[in-house]
Protein chains: 2
Amino acid sequence: MKTENTISTSEAQIREFINNRVSAIRKKDLNAVLSEYAPDVVIYSLAPPLQTEGADSKALERWFSSYRGAIECEIRDLTIFAGEDIAFCHFLYRITGTMMTGQQEDMWVRGTLGFQKKDGEWLIVHQHDSEPFDMHTFNALLDLKP
Amino acid sequence: MKTENTISTSEAQIREFINNRVSAIRKKDLNAVLSEYAPDVVIYSLAPPLQTEGADSKALERWFSSYRGAIECEIRDLTIFAGEDIAFCHFLYRITGTMMTGQQEDMWVRGTLGFQKKDGEWLIVHQHDSEPFDMHTFNALLDLKP
């Protein structure tokens, strides 16, 4: 039965989920990040294609190994909508670090995550990351700041 | 109290919401589209900035009036996760039409919508639309097809 307590517990669980996710990304912990996904998660990523089904461990590994050391990940404006076993949240996140090429990366990204609770455990069933683009040049705008 | 019936009703309501939304966009019905949003909706749009709070009626009006006639809107791969009063869905949508400039528009976009039921009525509390971009040229990829 739904109670106000269940809802506030769900919200706290999603907040903890996001904190753990940020830690796992900083540590480039591939298994920890992969374990957050439902097998049939639908991901709209920064890179093509339009959508992928299932977490792409190879792509994640490539992303992690494109950075020399740690990936810094900072989250702001996290907003959570949580029910008993369905939840979603949105936030802006900043990725900084030194690429293997020596280039300094520093970009803000918009993130949305959708969750479903299965067998008592929250899993990501949908992920949507993006940058807006200039309507005249069609360039993705990677240097916007919130 | 949550029942399986409540959940399947929620899903049916979100499906109908999306159908009505597509109709309203096709008809360029500004008021119908605006009435779907919660006052504090957070929107991640194709165009900058990173985020806006509240539906931007001027931007919507400009979008509608940039097309000569009707805007064709087609949705595919709609997937809905609905609880008692929290829901979200994701889908790909195709926008086609003739711009005021004479240019033929035809693009697929990734869409995510987050909903909250308030006083018995579902409202959009989060909208995320995007195109992926090329990781080398940083060009938004507007010609991808699902």
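User: If contact means heavy atoms within 4.5 Å, what does helix 1 of chain A lie across?

Analyst: Helix 1 (residues 4-26) of chain A lies across strand 1 (37-44), strand 3, strand 4 (86-98), strand 5 and strand 6 of chain A. Helices (H or I, at least four residues) and strands (E, at least two) are DSSP runs, numbered from the N terminus. This is a predicted model, where local features need pLDDT of at least 70 and side-chain atom pairs count only at pLDDT 80 or more, while totals for chains, interfaces and linings use all residues. Residues are numbered from 1 along each chain as its sequence is written, chains are lettered from A and ligands numbered from 1 in the order in which they are written, and side-chain values use heavy atoms, leaving out hydrogens and water.

User: At what angle does helix 1 of chain A run to strand 3?

Analyst: About 160 degrees, taken between N-to-C directions on a 0 to 180 degrees range, with axes fitted to C-alpha atoms (for helices, over the stretch in contact).

User: And the strand order in the sheet?

Analyst: In chain A the order is 2-1-6-5-4-3, an open sheet of six strands with mixed pairing; two strands pair if DSSP finds at least two bridges between them. The edges are strand 2 (52-53) and strand 3 (72-82) of chain A, each pairing on one side only.

User: How do strands 5 and 6 of chain A pair?

Analyst: Strand 5 (residues 104-118) and strand 6 (residues 121-130) of chain A are antiparallel, over nine bridges. Lys118(A) has Glu121(A) as its bridge partner.

User: Switching to the core. Which residues touch the most other members?

Analyst: Ile14(A), Ile18(A), Cys89(A) and Phe115(A), in the largest nonpolar core, which has 34 residues. Such a core is a set of buried Ala, Val, Leu, Ile, Met, Phe, Trp, Tyr and Cys residues joined through side-chain atoms within 4.5 Å. Buried means under 20% relative accessible area, exposed over 50%, partly exposed in between (1.4 Å probe, protein chains only). Helix 1 of chain A gives the largest share of this core, six residues.

User: What does Ile18(A) touch?

Analyst: Not counting residues up to four places away in sequence, Ile18(A) touches Ile75(A), Leu78(A), Cys89(A), Phe91(A), Leu113(A) and Phe115(A).

User: How are chains A and B related?

Analyst: A rotation of 180 degrees with 0.0 Å of shift along its axis superposes chain A on chain B, RMSD 0.0 Å. That is the relation of a two-fold axis.

User: Which residue of chain A comes closest to the rotation axis?

Analyst: Asn139(A), at 2.3 Å (C-alpha).

Technical notes
Contact means heavy atoms within 4.5 Å. Copies are superposed by least squares on the C-alpha atoms of residues with pLDDT of at least 70 in both.
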